[in-house]
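User: I have a model open and want to go through its side-chain contacts. Can you take my questions as they come?

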Amino acid sequence: MSLPRDIRAFLSHYHGQTDDPQASDNLLFYQNRLRCQPDDLLISEIHQSWRKDYNQLEHNHGYIQWLFPIRENGMNFEAQALQPHEAAAMKEDSDVIKRIKASYELMLDFYGMCLLNFEAGLIGRSEGYRTRYRNLLQAPHNNLRITRILKCLSEMGLEHLNAGFLLHILNEQSEHKQLNTSLLRDSMDRWWANCLRNGSDREWIGLTIKKVRNEEIFSREKYEASLQRRKESGSMAETQLECVDV
């Protein structure tokens with residue numbers, strides 16, 4: 001099955017696109033110096049006032065392009081596509097990265113999840129996760145939002161969080177039969193699992209997903225072990241010991 005066009009563009013680092021050095025709305029917004037439109041809020045104000053405001057997060061369709069800018073235009077025409085010079089500056093700004101993390105945690109909570117370990121990308125269930133999981137299944141426009149979130153995290157040098165997110169959902173599907181509708185699986189298998197520019201991670205996660213689709217169990221223990229391996233060695237694959245004749 002061929003990859004969707006937007007995924008091919010993402011994996012190619014948007015080959016052929018040029019940088020507009022005059023366009024810096026995303027950088028300024030994440031520096032807390034520019035208000036997003038049309039909501040007219042600073043990033044700090046969104047983080048303070050919107051947490052657990054699930055009605056706002058579900059029905060407002062203008063904020064996601066500001067919270068998670070990517071190199072593609074979205075449905076909010078008052079938001080600017082991410083420019084390469086912005087991404088480079090944002091990755092080097094520790095305050096911006098803290099705000100990206102806060103945005104990610106805001107949306108994780110909305111989806112019924114919580115970030116347990118930032119360095120490893122480890123995710124768990126949040127309090128009241130059942131209601132939030134049900135909303136995620138009933139409002140599939142969030143599948144598009146998640147694709148955007150994962151692409152943005154990759155642009156910000158936080159791609160390890162993508163692996164943690166994907167494998168948490170895979171564990172829920174495999175061990176607990178949660179988040180397991182055909183529509184969500186399609187989004188996961190075709191889009192989310194390919195929002196990884198690290199080829200070895202993308203291959204390992206893709207193979208692991210195929211095993212689960214063939215009824216192999218991906219346990220919580222396997223989930224945590226895979227993230228720990230990646231944190232320690234840079235790879236989720238288990239080390240194969242070579243047999244040596246003596």
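User: How many salt bridges does the structure hold?

Analyst: The structure holds 11 salt bridges. Keep in mind that this is a predicted model.

User: What does aspartate 6 form a salt bridge with, and how far apart are the closest N and O atoms?

Analyst: The partner of aspartate 6 is lysine 151, and their closest N and O atoms are 2.6 Å apart.

User: Is lysine 151 buried or exposed?

Analyst: Lysine 151 counts as buried, because its relative accessibility is 2%. Aspartate 6 has 22% relative accessibility and counts as partly exposed, since the cut-off for buried is under 20%.

User: Which residues do salt bridges with shared partners join into one network?

Analyst: That network consists of Asp6, Glu72 and Lys151.

User: What about glutamate 105 and lysine 101, how do their side chains meet?

Analyst: They meet in a salt bridge, at 3.4 Å from N to O. Glutamate 105 and lysine 101 are both in helix H7 (residues 94-110), and because they are four residues apart, about one helical turn separates them. Glutamate 105 is partly exposed, with a relative accessible area of 26%; lysine 101 is also partly exposed, at 25% relative accessibility.

User: Which ring does the charged end of lysine 101 sit over?

Analyst: The ring of phenylalanine 118, with the charged end 5.7 Å from the ring centre.

User: Switching to glutamate 58. Where does it lie?

Analyst: In helix H4, which covers residues 54-59.

User: Which side chain of opposite charge is nearest to glutamate 58, and how far away is it?

Analyst: Arginine 145, at 4.8 Å. Glutamate 58 is buried and has no salt bridge, because a salt bridge needs the nitrogen within 4 Å of the carboxyl oxygen.

User: What does the side chain of glutamate 58 make a polar contact with, then?

Analyst: With the side chain of asparagine 135, at 2.8 Å. Leaving out residues up to four places away in sequence, glutamate 58 touches Phe110, Asn135, Ala139, His141, Asn142 and Arg145.

User: Phe110 is on that list. How many aromatic pairs does a search of the whole structure find?

Analyst: Seven. One of them is phenylalanine 110 with tyrosine 111, a tilted pair at 5.2 Å centre to centre and 45° between the planes. Phenylalanine 110 and tyrosine 111 are both buried.

User: And why is the pair of tyrosine 129 and tyrosine 133 edge-to-face?

Analyst: The planes of tyrosine 129 and tyrosine 133 are at 70°, with the ring centres 5.1 Å apart, so the pair is edge-to-face; the cut-off for that class is over 60 degrees. The two residues are four apart in helix H8 (residues 129-138), so about one helical turn separates them. Tyrosine 129 counts as buried at 13% relative accessibility, and tyrosine 133 counts as buried at 2%.

User: Which residues form one aromatic cluster?

Analyst: Phe29, Tyr30 and Trp66.

User: On to the backbone. Which peptide bond is cis?

Analyst: The bond from glutamine 37 to proline 38 is cis, with omega near 15°. Proline 38 is in the loop between helix H2 (25-30) and helix H3 (43-49).

User: What is phi of tyrosine 14?

Analyst: Near 55°, a positive value in a residue other than glycine. Most residues other than glycine have a negative phi. Tyrosine 14 is in the loop between H1 and H2, and at 3% relative accessibility it counts as buried.

User: And leucine 179, what is its phi and where is it found?

Analyst: Phi of leucine 179 is near 50°, again positive in a residue other than glycine. Leucine 179 sits in the loop between helix H10 (159-176) and helix H11 (182-190). Its relative accessibility is 1%, so leucine 179 counts as buried.

Methods: Residues numbered from 1 in each chain as written. Predicted model: local features only at pLDDT ≥ 70, side-chain atom pairs only at ≥ 80, totals over all residues. Heavy atoms only, no water. Buried < 20%, exposed > 50% of the residue type's maximum accessible area, 1.4 Å probe, protein only. Lys, Arg positive; Asp, Glu negative; His and termini not counted. Polar contact = N/O pair within 3.5 Å; in protein donor to acceptor, adjacent residues only side chain to side chain. Contact = heavy atoms within 4.5 Å. Phe/Tyr/Trp six-rings, centres within 6.5 Å; stacked < 30°, edge-to-face > 60°. Lys NZ or Arg CZ within 6 Å of the ring centre and 35° of its normal.
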